[in-house]
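Grab the coordinates and let's work through a couple of exercises on strands and helices. Each one comes with a worked solution.

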Amino acid sequence: MNKKTLSERDICTKYITPALQKAGWDTQLQILEEVSFTDGKIYVRGKFTARGGRKRADYILYYKPNIPIAIIEAKDNNHSVRAGIQQGLDYARILDIPCVFSSNGDGFLFHDRTSVDGNIETEIDLENFPTPEQLWEKYKKYKGIESPDAEKIASQEYFFDGTNRKPRYYQQIAVNRTVEAIANGQNRILLVMATGTGKTYTAFQIIHRLWKSGAKKRILFLADRNALIDQTRRGDFKHFKEKMTVVKHRQVDKSFEIYLALYQGLSGSDEAANVYKQFSKEFFDLIVIDECHRGSAKEDSNWREILNYFSNATHIGLTATPKETNEASNSEYFGDPLYTYSLKQGIDDGFLAPYRVVRVGLNVDAEGWRPDQGKTDKDGIEIEDRIYNRRDFDRKLVIEERTDTVAKKLTEFLKGYDRFAKTIVFCVDIDHAERMRTALAKHNPDLVADNYKYIMQITGDNDEGKRELDNFINPEERYPVIATTSELMTTGVDAQTCKVIVLDANINSMTKFKQIIGRGTRINEEYGKLYFTILDFRNATDNFADPAFDGEPIRIKPVTEGTDLGDIIDEEEEIEGPIIDEETGDEIIVDPPPIRTPPTPEGEGGEIPPQPREKIYVNGVDVSVLVSRELYFDQHGKPITTSLKDHTKEIIKGQFASLDEFLNKWNTTERKEAIIAELTDQGILVEALYEAVDKQVDLFDLICHVAYDQPPLTRKERANNVKKRNYFTKYGDQARNVLEALLDKYADEGIENMESMQVLQVKPLSDFGSAIEIVNGIFGSRAKYLKAIKELETELYKVA
């Protein structure tokens, strides 16, 4: 048999897999072939979406299910044995795997990531592939697993529920690293995973493996909101069954092994409320702290006292947004994150939804508002003469027309998009959320008349709204559609089908901003949720440009002389978010302290000094939209600050230095669609560019025009030029008719459709017969048909 004629798949089947079986690898439990470990990034094209390519390993070898220890990249025999090693190493870095192999069917090149000497890469023949036990020894060395006890814990199997569900690669890494770190004696661990990436499922697998291995016998899962405890109990943790309990009403039962509890249900302001002390200090040997960027991050908080009390236990902190301020630090308590899986990684891998950003600028926000002389508020009290700006609006001064304009703009957007798209409107405070609900109802009277729950205020003080929270996050429930909120929905809300996030609050805290954006990042393909839109009325999306948005948290330095304390207080208030009820875990509404009017000094006339008011309400103000535009982001997730054309030119010239280089690539590439995909992956926003150029051109002319200043021809002009040259005279009548019809398709829709075989199934092409009849009957064979298409493309893109 001539190996050179075999495909890559044939090489795998005939040579690589038999070599693995001979070395003792179990094909059912230890070998996975063609493993796609990402879902493919989602690209948004107007209202439509498309997925990019998935990362796929040819082989992943497991010691036990979900414990990967080696990766193999295969090539056909026209490549050398080394040809796949670089791709294999890249995948091994992503997947945290120590042993990498490349093969072309003649043998293997083995790259040992545990080696520090000249044996880092060695060639192995097909007969001598390492056994599972040999590579397990390499894995243990890579992970620092030395003792038999540590090995027992690290090799404990995952929980399997009998379905096809299994951890994604990043969950696998988080679980394995955590279990291995604890097996090696580490007692403080921080995992940072973006909202929507399955922190609770990850926590469940960690707890289950440690529990089943006997390493941890009694476990406490701590959260600070009822919704988080309820979601955990009803979700992944349900598999603990009768071994699990939820601590309620300050009643403690010590007969269980898994405990779910609110911080507030275990501690309080007086000693009698500190029911956690009913447990001995040694009772729990593992504590998992969900959303650990909140309460427990502060060194002097009541909640930290619980962790200090059970200080001998292993503590695992979970968060999407580690908190690093002068007052509170996750890393100071837990140490550096053991593993981080960011929002950008999640979007690039296709596990999280990408976002569009529409910025809406209002005149009063951009220019500020100064009251006319003698202008009074709704109570008839004269308004202080100064310039009010975005920071004041809805916090100190309420302009009714501003609220109405935001509601009107949101309604306009939904009417053009989807009036039943689940939407969360983030407001400054509860009063603002209440007024926003009223304004939105005014602009959507038809749908509110059909069902008053179309718009609901869901805030901590509104029992009716809070009861609708579960319905809002349930994909199967149509109502509520729009939720107005302030703090209650910023975190701990698993809104899988939320398609629109509206920002009408000043967000100075990066922690809070990340949490809010996280409300939209979940994907639910069954219900058509593949991306979400952010409508920003406060320039809050400036945070996307901050390196801290998707980078490492930086601890804020202590206050120095000259620092504006007012700004720091404002920001810290936003970071902290709502105050939570100790019993229920719900948001507490804090009334402002009463304004005390000082008595007039006895015996003295004179006026009482004016006192500041909580809020000023005004109307009769001209509010209008100055600008509404979509923001674009580069391949690194940062806003594009230059023009789209300049941004594109920079990327293209980075790929193709000259026009000739680009033309050569274009003309020699079999399928032009491959170039389009490659440039899209580099960050070129093709759809946005089409809108900017505003001509019916295809990507070829778009690139030549933007990057190399060539005058663009429309698709119709290119098609007509081909017809004028009498190019089709060399073909028979039927073939000429097919090619002319394809040319017309190109003029209407572009090169991608012309290259697809599926185009032969639609009119007018289908009038010539089936795809097989056209390809084999009219052109003689598939090869001759493809040759005709290739020649037609060459003719189309002739450069004068």
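Before we start: two strands count as paired if DSSP finds at least two bridges between them. Also keep in mind that this is a predicted model.

**Exercise 1.** Work out the strand order of the open sheet of seven strands, and find which strands stand at its edges.

*Solution.* 
- Step 1: Take a pair to begin with. Strand S10 (residues 219-223) and strand S12 (residues 258-262) run parallel and are joined by five bridges. Within this pair, Leu-220 sits opposite Tyr-259 of S12.
- Step 2: Extend to the whole sheet. The order reads S11-S12-S10-S13-S14-S9-S15, and the pairing is parallel.
- Step 3: Look at the ends. S11 (244-246) and S15 (339-341) each have a single partner strand, so one side of each lacks a neighbour in the sheet.
- Step 4: Ignoring direction, neighbouring strands here are turned by 15 degrees against each other on average.

**Exercise 2.** Classify how helix H26 and helix H29 are oriented to each other, and say which residues make the contact.

*Solution.* 
- Step 1: Get the geometry. H26 (residues 733-749) and H29 (residues 782-796) pack at about 50 degrees, their axes 12 Å apart.
- Step 2: Classify. The pair is therefore oblique, and H26 passes H29 in a right-handed crossing.
- Step 3: List the contact. H26 brings Leu-739, Leu-742, Leu-743 and Tyr-746, while H29 brings Tyr-785, Ala-788, Ile-789, Leu-792 and Leu-796.
- Step 4: Sort by class. That gives nine nonpolar, no polar and no charged residues.

Conventions
Residues numbered from 1 in each chain as written. Predicted model: local features only at pLDDT ≥ 70, side-chain atom pairs only at ≥ 80, totals over all residues. Heavy atoms only, no water. Helix = DSSP H or I, 4+ residues; strand = E, 2+ residues; numbered from the N terminus. Axes fitted to C-alpha atoms, helices over the stretch in contact; angles between N-to-C directions. Parallel < 35°, antiparallel > 145°, perpendicular 65-115°, else oblique. Left-handed = near helix turned anticlockwise from the far one by under 90°. Contact = heavy atoms within 4.5 Å. Nonpolar A, V, L, I, M, F, W, Y, C, P; charged D, E, K, R; others polar.
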